[in-house]
Amino acid sequence: REFKSLPSHYFKNAFKIHLDVMTLQVVDKKHGISRREYPNGFDLNLIDYPRRRRYLAKLGIGVGVGNEGLYPHGTNHLYEHILVGPYMQSIPGTSNLNAETKRAITTFWASCKPDALELVVKRMFSSVEHYKDGLDRHSIELGRITNETRMYRDRVDEWAEDSVFLPALFKGTALERSECASIASYRKITPEQLLEYHDRWCTAPNLSLCVAGPIGNHADEIEEVVARTFGSLPATNFEHPTIDVPIETPNVVVSRRRACHRENWALGWRVLGNSTDVMPLSVLDSYLSNTSGGRLFDAINSSGVRSYDPKSFYVNFRHCAAFYVMMGVDPGQFDQSFDVVRRTLDGVKHDFTDAQLSEAIDAAENEYQDDLEDPERSTDFIVRGKFDDSIISRPADFYGALEGVTADDVLRVANKYFDFDKVTVARVMPFKKVEQALQTEAHD
């Protein structure tokens, strides 16, 4: 399949291949992606963007909130703060320094000028190698994370998804914990626990670095810097544990009230994350959210429900996953919007045509191409690909798997999972006084 709309630089990348063990292996020449795995298990990925003037370096660690186990909730988030804090500040020529804790991975990254890339990589290595030195910032980072938690709670839609709906959907499993913990829970975490957590998870086989930018003929230089730093970490017999989650979806309705002006609600199911269901579910997600403005958007809009940005989501946490629908509506319109979503999903269970399939696949290809052209997103799925074998990080493999999906595959997964007798629903509603005031305002 040819993609004529791809930028011309995707077709001009060439890598010199040697039989030398230290040489980068071309993963996808067409898209300028190459990879090098070091003897200690660490791997380096490069994505060539000749027209860019800056690099983006992203380091991924195969650990997230779902791996906290017996540690206090929030251990991974505070660990991430201290990991980034001491060494990644005030680097000349850098910008967009940030980090993120998710349920199954932790990442931190920086954008930099070409002459600052070596220093960025060395600072990332220092963050890993000398983590213990940063623990004297424990109280400082605890204060920062407290403010971050309060800001996070103010973003009601994000809070509703991460702290209400997903914990309800994955209740009783390792994925029940939200990515952001309570302030009281953060205060229980000791420096000794953080160091123990670091030693357990931050090992060479559980690390992956991706550099995106004007690689050109600088690949060898970048590899040499990585070999002297991350390539020097000791090899360990590390085997990432599986996050086992029963496929049975809890049949529950969870309700919370918040100081907000609209109701945010979601419904969804647990689904298999590492199976032949992955691509059909991805296509179905694309069909509902991305085609012609999104089938969900069309259905909600034509129903008269006052809603903003109704969307479906297919998210993967290694060997388990979730498929769900979220939206915000005016107070009092939950029942009507729920019925619209139910009719839309039931419709997919009974009829999904080849024309709809083609439209959905086109939308999925366009979204994936957007990811490839955006260094922040492309580095993200390349890094995640090491820790999650359900992530298809090689473009040729992704397009091939996408083209292999049939309308019958979509019908199969829709009928397999969309069972409204076993569905998790979460509602975050405004306090009644706010709701009454809004209703009065609408009546007037």
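Me: Leaving aside neighbours within four places in sequence, which residues is serine 378 in contact with?
Reply: Serine 378 is in contact with Ile47, Tyr49, Asp371 and Leu372. This is a predicted model.

Me: What makes these pairs contacts?
Reply: The test is heavy atoms within 4.5 Å. Ile47, Tyr49, Asp371 and Leu372 are listed as in contact with serine 378, so each meets that limit.

Me: Where does serine 378 lie, and why is it called buried?
Reply: Serine 378 sits in helix 12, residues 375–387. Its relative accessible area is 1%. Buried means under 20%. Serine 378 is therefore buried.

Me: How many salt bridges does a search of the whole structure find?
Reply: The search finds 27 salt bridges.

Me: How do you know that arginine 36 and glutamate 223 form one?
Reply: Their closest N and O atoms are 3.1 Å apart. The cut-off is within 4 Å, so the pair qualifies. Arginine 36 belongs to strand 2 (residues 33–37) and glutamate 223 to helix 7 (residues 219–228). The two are 187 residues apart, and the pair links distant parts of the chain.

Me: Are arginine 36 and glutamate 223 buried or exposed?
Reply: Both arginine 36 and glutamate 223 are buried. That places each under 20% relative accessible area.

Me: What makes glutamate 68 and arginine 177 a salt bridge?
Reply: The N to O distance is 2.7 Å. That is within 4 Å, so the pair counts. Here too the pair links distant parts of the chain, 109 residues apart. Glutamate 68 is in the loop between strand 4 (55–61) and helix 1 (75–84). Arginine 177 is in the loop between helix 4 (156–169) and helix 5 (183–186).

Me: Why are aspartate 346 and arginine 342 called partly exposed?
Reply: Aspartate 346 has 22% relative accessibility. Arginine 342 has a relative accessible area of 35%. Both values fall between 20% and 50%, so both residues are partly exposed.

Note on methods:
Residues numbered from 1 in each chain as written. Predicted model: local features only at pLDDT ≥ 70, side-chain atom pairs only at ≥ 80, totals over all residues. Heavy atoms only, no water. Salt bridge = Lys/Arg side-chain N within 4 Å of Asp/Glu carboxyl O. Helix = DSSP H or I, 4+ residues; strand = E, 2+ residues; numbered from the N terminus. Buried < 20%, exposed > 50% of the residue type's maximum accessible area, 1.4 Å probe, protein only.
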